[in-house]
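I opened the file to look up a few sites and contacts. My notes follow in the order in which I checked things.

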Amino acid sequence: MERKDQKEIKILIEKEIVKTEQIIVDYKELTKPEGLDSAVGRVSRMDAINNKSVTKAALRQSEDKLKKLKYVFSLIGKPNFGLCVRCGNVIPIGRIVLRPESTHCVNCAR
Ligand SMILES: [Zn+2]
């Protein structure tokens, strides 16, 4: 069995990859080391450091997501793409885009 909406998924994943790459560029800009030393006063300096670690965590998450998206993208067109590895049911598009790492349908993932 092969799902019929692979083209649609491909477009959506592509969009998501572009979006995620843009987010990564933005995060990288925000985590650049310059600017920290010139922050005025101790409090704003601490704020800057805190914000930076939050941004770094978000950056890591986005990089992780990008890897998964690219992996899923490489699977499009393969015979069992987008099918639950356990029951063989079609995994909804929304789930694939949101959680590209999911290899199970919602029921089997529980
Ligand atoms: Zn299943």
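The model is predicted.

Entry 1, glutamine 6. I looked up glutamine 6 and found it in helix 1. Its relative accessible area is 10%, under 20%, so I put it down as buried.

I then asked which residues have the most contacts inside the largest nonpolar core. They are Ile9, Ile13, Phe81 and Ile96, in a core of 17 residues. Helix 1 (6-30), helix 2 and helix 3 (93-98) each supply at least two residues of this core. I followed up isoleucine 13: not counting residues up to four places away in sequence, it touches Leu69, Val72, Phe73, Ile76, Ile96 and Val97.

I checked the donors of the zinc ion and noted the SG atoms of Cys84, Cys87, Cys105 and Cys108, at 2.3 Å. The angles among the four donor atoms run from 106 to 117°, and I recorded the site as tetrahedral. The donor spacing in sequence reads C-x2-C-x17-C-x2-C. Is cysteine 84 buried or exposed? I found a relative accessible area of 4%, so cysteine 84 is buried. Cysteine 87, at 37%, counts as partly exposed.

I located glutamate 63 in helix 2 (residues 41-75). Its relative accessible area is 30%, so I logged it as partly exposed. Beyond its neighbours within four places in sequence, glutamate 63 is in contact with Ile24 and Lys28. For isoleucine 24 I noted a C-alpha to C-alpha distance of 6.9 Å from glutamate 63, at a separation of 39 residues in sequence.

I counted nine salt bridges. Aspartate 5 pairs with arginine 3, with the closest N and O atoms 2.6 Å apart. In this pair arginine 3 is buried at 6%, whereas aspartate 5 is partly exposed at 21%. Lysine 68 forms a salt bridge with aspartate 64 at 3.1 Å between the closest N and O atoms. Both lie in helix 2, four residues apart, about one turn of the helix. For glutamate 101 and arginine 99, I read 3.7 Å between the closest N and O atoms of their salt bridge. Salt bridges with shared partners join Asp64, Lys68, Arg99 and Glu101 into one network.

Methods. Residues numbered from 1 in each chain as written. Predicted model: local features only at pLDDT ≥ 70, side-chain atom pairs only at ≥ 80, totals over all residues. Heavy atoms only, no water. Buried < 20%, exposed > 50% of the residue type's maximum accessible area, 1.4 Å probe, protein only. Contact = heavy atoms within 4.5 Å. Donors = N, O, S within 2.8 Å, 3.2 Å for Na, K, Ca; no water. Tetrahedral: all angles 85-135°; square planar, octahedral: opposite > 155°, others 65-115°. Core = buried A, V, L, I, M, F, W, Y, C linked by side-chain atoms within 4.5 Å. Salt bridge = Lys/Arg side-chain N within 4 Å of Asp/Glu carboxyl O.
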